[in-house]
Amino acid sequence: MSKQKPKRPTTRQLKNDITIIVKEILNLKNYVNDVLTPSTISIQHLIEQYVEYKGDIDNLIEYMEKEANENEKRTINESPEEGQKEQTKGSGTTKDVSKDVKGIGTGSIQQG
């Protein structure tokens, strides 16, 4: 008994599937514009009113600048410890790899 190949979808079926996906994306876009955006704007407005009421605008600005600087430092410090490997000229391998395999085989790549 041989296995039957699954039938490829027709162009009409693909078109119908893509149409359904596009409609769903448009529904999501409308939801974001109609529901989430006004909610976000109203929350932002409430926060701004609270900060103005408390009179802590200068403290808030200082805090935000401090957080931004700390995030920048964290981003810089999160780079890999070893650093990026440098690629040797023309070989297509990194220096570490080319040192480890030096003298092994002919160096050609076999594709199968």
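This is a predicted model: local features need pLDDT of at least 70, side-chain atom pairs count only at pLDDT 80 or more; totals for chains, interfaces and linings use all residues.
Student: What elements does the protein have, running from the N terminus on?

Tutor: Helices here are DSSP runs of H or I with at least four residues, and strands are E runs of at least two. There are three helices and zero strands. So by those DSSP runs, the order from the N terminus is α-α-α.

Student: Which residues make the nonpolar surface patch of about 350 Å²?

Tutor: Members need over 30% relative accessible area and no salt bridge, with nonpolar side chains joined within 5 Å and like charges within 9 Å. A salt bridge puts a Lys or Arg side-chain nitrogen within 4 Å of an Asp or Glu carboxyl oxygen. L14, in helix α1 (residues 11-54), gets in because its relative accessible area is 41%. The patch is L14, I18, V22 and L26.

Student: Is E65 buried or exposed, or in between?

Tutor: Buried is under 20% relative accessible area and exposed over 50%, using a 1.4 Å probe and protein chains only. At 49%, E65 is partly exposed.

Residues are numbered from 1 along each chain. Local features need pLDDT of at least 70, side-chain atom pairs 80 or more, while totals use all residues, and side-chain values use heavy atoms, without hydrogens or water.

Technical notes:
Accessible areas come from the Shrake-Rupley method with a 1.4 Å probe; for residues, only the protein chains shown count as cover.
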